[in-house]
Amino acid sequence: MVPPLRNGLLRHATTCLRQHRPKPIPQLSRKTALQRLLSTLAILEQRDGKLNMSSLASISAAQKLGGSIHGFVAGGNVKSVAEEASKVDGLEKVVYVENSDYDRGLPENWAPLLVENINKGGYTHVFAGHSAFGKNLMPRVAALLNVQQISDITEIQSEDTFVRPIYAGNALLTVQTEDSPKLITIRGTAFQAGAVEGGSASVEEGTDPKAPCPTEWVSENLAKSDRPELATAEKVVSGGRGLKSKEEFDRLMPPLADALGAAIGASRAAVDSGFADNSLQVGQTGKNVAPQLYLCAGISGAIQHLAGMKDSKVIAAINKDADAPIFQVADVGLVGDLFDIVPELTEKLQKES
Ligand code: FAD
């Protein structure tokens, strides 16, 4: 039995303890704590002062990862581009380096520039689009930082685990890396590009190492077109070997594309046969597209072609062979002669618009 005095002391001691007990420290979940440590630098491509919309997919990918996201842009007069980019939802800061040496995206110039700014920012992840620029640049940056580079990811499973298609999209590879920073190129069609609105990121000048560049920009030959850009178009009409000749390709495909407001694509067989320019090739060794509508004519649907377009929302195919593999992925199939169907379809679309 506890004596009354001692009982009173005990009660007093308990009260004092309660009064002086330090406030509990809120415990963060592992995920939240980890996300606070994550920081991604998203490389933003620009040309002639305009942001390349497909590189904005890197920001969406970084949002999926969590943590803070900074954008990075470089070139002559890019402060205004950085200010425009600061409106992209999800960005905390946009770092820019103004120097026209970076205008053409020469990777030998860009690699030391990025290394400098990655080291300065202490980023855990660096994302770039899986474009010609990103594919050319990121392996060089990886070599300079002595880390591996992960290409063409379509899914982020965690801060160190990513998924990428292999064998022309017939298998998915899960890649895990302990490297830091993690250098990754993003398949633009797998991550919806963020809108240039709703954000209010700060804009800050980065560091320019002004490293001597062994390569020099000479010139470029661009195929000019008023049509939407193939890789980001909402609608694509594509022609294959079934079109028979360049003359027929040029006679049938542009009017159909114009009637739909679509970009033009082609199979590799059509490109190799000289029907269409190399820049129009869709597929494993061409462009990856994922438009709302992919309408193709005279394309059989080889796996290498499917690898570049099977993520399209609606696939419509015209082919005279009912057993053509393209019909296995098509939402709408027209079995018949394209030389009858395409002109009739174009005429109907022209009348409707
Ligand atoms: P075909 O396979 O010859 O098909 C022509 C189709 O047209 C047939 O289905 C036929 O029934 C139909 N047709 C013919 N006449 C008519 C008509 N009058 N009306 C309606 N239909 C008609 N291919 C790509 O496209 N992109 C790539 O990036 C690519 N990368 C490759 C990479 C590698 C390593 C390799 C090995 C191959 C690659 N290929 C690529 C080539 C691919 O394997 C196919 O050869 C190519 O896609 C076939 O193109 P196609 O469908 O236009 O021609």
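Q: Hi! How much area do domain 1 and domain 2 bury between them?
A: About 620 Å², with 55% of it on carbon and sulfur atoms. Buried area here is the accessible area (1.4 Å probe) that two parts lose on being put together, summed over both. This is a predicted model, where local features need pLDDT of at least 70 and side-chain atom pairs 80 or more, while totals for chains, interfaces and linings use all residues. Numbering runs from 1 along each chain as its sequence is written, and side-chain values use heavy atoms, without hydrogens and water.

Q: Which residues in domain 1 lose the most area to domain 2?
A: Ala168, Arg187 and Thr189, which together make up 70% of what that side buries.

Q: Where are the two domains in the chain?
A: Domain 1 covers 35-205 and domain 2 covers 230-352, bounds that come from an automatic or database domain assignment. Their centres, taken over C-alpha atoms, are 31 Å apart.

Q: New topic: how many aromatic pairs in the whole structure?
A: The search finds 3, pairing rings of Phe, Tyr and Trp (its six-membered ring) with centres within 6.5 Å. One of them is Phe72 with Trp110: the centres are 5.9 Å apart and the planes at 80°, so the pair is edge-to-face. Planes under 30 degrees apart count as stacked, over 60 as edge-to-face and the rest as tilted.
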